[in-house]
Amino acid sequence: MSHPIHLGGIDYAILLLYFLFVLGIGWALKRHMKSSADFFLSGRSIPAWITGLAFLSANLGAQEVIGMGASGAQYGIITSHFYWIGAVPAMVFLGIFMMPFYYGSKARSVPEYLKLRFDEKTRGLNALSFAVMTIFSSGISLYALALLLQTLLGWNFTFSIWTSATIVLAYICLGGLTSAIYNEVLQFFMIVFGFAPLAWLGLRDAGGWEGLKVRLAGVAAQQHFAPGTWTESWRHMGSPSANPLGVEWFGLVMGLGFVLSFGYWCTDFLVVQRAMAADSMSAARRTPIIAAFPKMLFPFIVILPGMVAVGLMQDQHGGFTLPTMGDGSPNYNLAMPMMLGHYLPSGLLGLGFTALMASFMSGMAGNVTAFNTVWTYDIYQNYVAPTKSDAHYLMVGRLATVFGVVLSVGVAYLATQFGNIMNLLQLVFAFVNAPLFATFLLGMFWRRANGHGAFFGLLFGTIAAAAHHGLTLPAGASVGIMKGGWLGAVLHTYPSAMAQNFWTALFAWSTCMAVTIAVSLATAQNKSDEQLRGLVYSLTPKPPAEDEPWYRKPVTLGAVVLAATLALNLVFA
Amino acid sequence: MNFDLRLPLGLLFSLFGALLVIYGIVSDPAIYARSLGFNVNLDWGLVLLLFGLIMLSLALRARQNRK
């Protein structure tokens, strides 16, 4: 069969030009990489607008562009909760409340903060699980990209995997974290400029927002939901059966909004590393808040095209269909790229496809740079060879990059048997990340929390997540390691896999919170007040108010972005 | 670090813009049926060109100020 999308000469010219620039930036930065601090921390010298956009872009991997487009088609505007109740408040919280401790502690990584605040075993547990997770995510990104190029353009799977992996490897080895960050900014603009025309054309074709509402009312009716379900984000959250996500407002706000989003945005070294590279405390605090502004608007370019796609499929004469999966249901993961092919002529199509590839690569590069730092500082320097020269660690960092990329390729081939990328990633987040936010919350704001408490809290939090997943099942699913119920009994059935994920995260978080508090109170504090200065809220002197104009103050900026997000929630309620 | 990201950013998007504008002028108008009749290559190319030139001029001005 022929492939659904055909690229012309101009499209390939754009693609090539882009990758020349990506590699060129790595090459230009090579002479700046003199110490391990340059390579892993960018020498803490990058201005806030750059770290801010990189903060956003490092997360723009597979789950963003493909996953959010797919969810837009499957669930409608309810998907925007991932941004308006999830990401944005968490990013503002990170900038205002948590960044002073990360940046101020001079820790070089998130696990290293845990070592300073708690103890060695807590750091080891976090460093190891994080290293595994970054490789996993990076491999999934790579796999998804290669599969996409194979399905839509007919490119060879193996060729796509190795070419993308080699490009990412080359620019990180050359320019380290700086190269990754600069390329992430390039990728941010590619994604915005590549997808914005698609959103505009799609919305115009659907007859504007009002026209889209009419079309999507038909989609909702077909699935026996109220007419506005696809275009109203809050009105149908009263009960799990009233919306396609299968979640009610409490599970959404607590599970996604509080536990999962704060757990990811506030503790994942992948994104926090970008802020740590900023050139001052104020710039580090502004980093996630600057990122929140475009983040707030991203639903319009990543979710909207998915919504338009499902509307088009409804129209019998539109001639737009999605390739189907094995069981005959439409493959929503292809909604976004198929829309590119549907609306964009040669020229812009090349720009759109380059943006798509850029998004996968930024996701992968973000993971690889976080991996090489944690591996080199928290595992290698800590356990294997503590007293080598700085040049030695720089060399180990480069080797770790190669190692990380090769492992990702391995994961990509393993991943050929997994289906929905989004739910799989959420599952991993729930097991490992959800308890972590409880540890940081207690660590930063309760001075009595100690090393034993943190370690056993994390351990039992992760076990609680796994146990909850193993004892519950989404409606209609059969027992299995991916779906749940694998502990031999099904104690509760959730309306959807999403609801199960949110509640798994809530259980993990609550268990970690309770165990950390109990164990901390039962055992002695292992750090003196002096050691905890700068790491815990109550023991850290307030920084003198910096003399800055209002638009550079983290608190003011945070308030502005929160107010705007609230307005979006109300407008699209 | 004396490496201004706005320079490669401006250069890349100016080149993209120029490419798309030229292609928009010489390409067969029939290909724009799918983009609802808009010559999006020309229109969006101009936007990219403008963005690229703004970034370039900011970078060059900053360089001049340092001297």
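**Burial, packing and contacts**

Reply: To begin with chain A, of its 573 residues, 59% count as buried. The model is a predicted one.

Me: How many helices and strands does chain A have?
Reply: Among contacts in chain A between residues at least 6 apart in sequence, 80% join residues at least 24 apart. The secondary structure behind this chain comes to 22 helices and 2 strands.

Me: Is chain B spread out or compact, and what is its radius of gyration?
Reply: Chain B has 2 helices and 0 strands. For 67 residues the globule rule gives 11 Å, and chain B is well over that, so it is more spread out than a compact globule. Its C-alpha trace spans about 50 × 15 × 10 Å along the principal axes. The radius of gyration of chain B is 15 Å.

Me: What share of the residues in chain B is buried?
Reply: Of the contacts in chain B with a separation of 6 or more, 74% are between residues 24 or more positions apart. Among the 67 residues of chain B, the buried share is 31%.

Me: Which helices of chain A each supply at least two residues of the side that touches chain B?
Reply: The two chains meet through 30 residues of chain A and 23 residues of chain B. The helices of chain A that each supply at least two residues to its side of this contact are H1 (9–29), H8 (157–205), H15 (335–343) and H16 (348–384).

Me: What covers the buried residues of H2(B)?
Reply: H2(B) has 27 residues and reaches 39 Å from its first C-alpha to its last, close to the 39 Å expected at 1.5 Å a residue. Its buried residues are Val40(B), Asn41(B), Trp44(B), Gly45(B), Leu48(B), Gly52(B) and Met55(B). Their cover includes helix H1 (6–26) of chain B, together with two helices of chain A, H8 and H16.

Me: Which residues does Gly45(B) touch, not counting residues up to four places away in sequence?
Reply: Gly45(B) is in helix H2 of chain B, residues 40–66. With 24 other C-beta atoms within 10 Å, Gly45(B) reaches the cut-off of 20 and is therefore buried. Gly45(B) and Leu19(B) are 26 residues apart in sequence, with a C-alpha to C-alpha distance of 7.5 Å. The residues touched by Gly45(B) are Gly17(B), Leu20(B), Val21(B) and Gly24(B).

Me: Are H5(A) and H22(A) roughly parallel or antiparallel to each other?
Reply: H5(A), residues 81–104, and H22(A), residues 554–571, pack with their axes 10 Å apart and at an angle of about 170°. Angles over 145 degrees count as roughly antiparallel. H5(A) and H22(A) are therefore roughly antiparallel.

Me: How many residues of the contact of H5(A) with H22(A) are nonpolar?
Reply: Residues of H5(A) in this contact include Trp84(A), Val88(A) and Ile96(A), and those of H22(A) include Val555(A), Leu562(A) and Leu568(A). The contact has no charged residues and 4 polar ones, and the nonpolar residues number 10.

Me: Is Trp230(A) buried or exposed?
Reply: Trp230(A) sits in the loop between helices H9 (208–222) and H10 (249–267) of chain A. Leaving aside neighbours within four places in sequence, its contacts include Ile77(A), Leu216(A) and Met307(A). With 31 other C-beta atoms within 10 Å, Trp230(A) is buried.

Me: What is the phi of His224(A)?
Reply: His224(A) is in the loop between H9 and H10 of chain A. It has 8 C-beta neighbours inside 10 Å, so His224(A) counts as exposed. Most residues other than glycine have a negative phi. His224(A) is not a glycine, yet its phi is positive, about 65°.

Definitions and conventions. Residues numbered from 1 in each chain as written. Chains lettered and ligands numbered in written order. Predicted model: local features only at pLDDT ≥ 70, side-chain atom pairs only at ≥ 80, totals over all residues. Helix = DSSP H or I, 4+ residues; strand = E, 2+ residues; numbered from the N terminus. Rg over C-alpha atoms; globule rule 2.2 N^0.38 Å. Buried ≥ 20, exposed ≤ 12 C-beta atoms within 10 Å, placed from the backbone. Contact = placed C-beta atoms within 7 Å. Axes fitted to C-alpha atoms, helices over the stretch in contact; angles between N-to-C directions. Parallel < 35°, antiparallel > 145°, perpendicular 65-115°, else oblique. Nonpolar A, V, L, I, M, F, W, Y, C, P; charged D, E, K, R; others polar. Expected span 1.5 Å × (residues − 1).
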